[in-house]
Amino acid sequence: MNGSTHRFVVHRRGGPEVLQWETVDLPEPGPDEVRVRVEASGVSAYDVMLRGHRFPGFPSLPYTPGEDIVGVVDKVGEDVTDLQAGQRVGCWTFGDAGGYSEYLCRPAAEQVLVPDGLDPAVAVAIIINYLTASLALHQAAKVKAGDRLLVQGAGGGLGSALLQLGHAAELQTFGCDALEKHPQIQSDGAQPIDYRLDDVLAHTRTLTDGGADVVIDLVGGARQLLRSWRMLRPNGRLLMLGMAGSLQSGTGIILPSLLLLGLMAIWPGGRRLAKGPGMDTYPRAHMDWYQETLAGFFDMALEGRLVPRLAQRVPLSDATKAHAMLERAEVSGKIVLVSDSYGTI
């Protein structure tokens with residue numbers, strides 16, 4: 001017995017209350033792994049969807065949520081030579097989850113050094129959102145300077161990342177979300193649009209001078225996707241990059257969304273769906289891209305050129321509270337779980 005630690009475990013699908021804080025054995029790293037003492041773990045709509053609903057091919061029960069972590073290397077496996085105890089690192093768990101833990105063992109090859117002076121909570125807010133945004137903009141939508149980019153659901157962490165990276169790529173950026181999120185959208189360098197307007201379609205076409213070149217929809221739902229499609233100019237590209245609307249409307253919106261996307265793929269008229277590699281395959285197949293891109297984002301954040309939106313820091317043991325906040329749409333930006341060891345080495 002090597003001691004004990006804690007992590008959240010989901011034994012059944014349901015509301016936030018199914019997150020159970022449990023005592024488990026302290027994990028031991030394999031030969032090519034490191035053990036990380038977790039300081040910060042990200043909370044996402046994806047975590048909430050998996051906890052509440054059954055999806056084929058996703059983690060079987062029981063499992064520990066959490067896709068992105070930042071922490072301090074606590075122990076290294078016998079074959080690890082490029083990392084050592086005491087270094088602060090960040091990583092994505094490549095779909096394996098497990099981040100809502102006090103200690104987590106992951107392959108050393110996934111770890112990216114976090115520069116001194118970068119807040120662990122800020123660093124963890126970068127990992128999934130900015131990697132996903134980079135793939136969406138440059139690999140799928142293939143944006144170029146001067147393009148008009150419209151993000152639907154722009155007030156969250158991923159929406160903010162898309163706008164900031166779009167602004168850095170010299171795009172004309174527009175963000176559609178509720179009025180209370182407009183100051184954030186403006187600070188991300190974008191023109192805000194209130195989706196509650198009586199004629200949001202006409203208003204958007206006017207602002208974008210005839211429509212957007214690229215619309216990235218984070219909300220989902222057939223009605224929403226059709227509106228995004230109509231906001232495109234001729235030869236524009238639509239990319240659905242999330243289903244945040246299911247948090248309020250339920251998973252019933254998923255199938256109609258997919259059916260409509262199938263129709264759009266063969267729809268005449270010049271508009272098209274943007275297609276490209278996603279986070280499910282690209283980083284694992286291109287580890288150099290993953291390492292270099294994430295390290296670059298950490299450096300940009302340290303220099304103040306990227307400003308991840310932190311909605312709230314919540315103690316790790318209060319993950320149920322964080323999920324409830326996200327489900328009620330009470331926050332704008334990324335919720336980060338922080339451990340008792342937060343910010344220390």
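I looked up the residue just after helix α5: Asp 209 has a positive phi of about 55°. Helices here are DSSP runs of H or I with at least four residues, strands are runs of E with at least two, and both are numbered from the N terminus. The model is predicted, with local features needing pLDDT of at least 70, side-chain atom pairs counting only at pLDDT 80 or more, and totals for chains, interfaces and linings using all residues. Residues are numbered from 1 along each chain as its sequence is written, and side-chain values use heavy atoms, without hydrogens and water.

Next I checked α5 itself, residues 200-207. Val 200, Leu 201 and Thr 204 are buried there (under 20% relative accessible area, with a 1.4 Å probe and protein chains only). Down the axis of α5, the buried residues fall within an arc of 100°, so they line one face of the helix; the arc is that of the directions from the helix axis to the C-beta atoms. I noted that an α-helix has 3.6 residues a turn, so residues three or four places apart point the same way. The buried residues of α5 pack against β8, β9, β10 and α6 (contact means heavy atoms within 4.5 Å).

Then I turned to Val 43, which sits in strand β3, residues 33-43. Val 43 counts as buried because its relative accessibility is 4%. Leaving out residues up to four places away in sequence, Val 43 touches Tyr 100, Ala 322, His 323, Leu 326, Lys 334, Ile 335 and Leu 337.

Last, I took the whole protein chain: 11 helices and 15 strands. Buried residues make up 55% of its 345 residues.

Terms used:
Buried means under 20% relative accessible area, exposed over 50%, partly exposed in between (1.4 Å probe, protein chains only).
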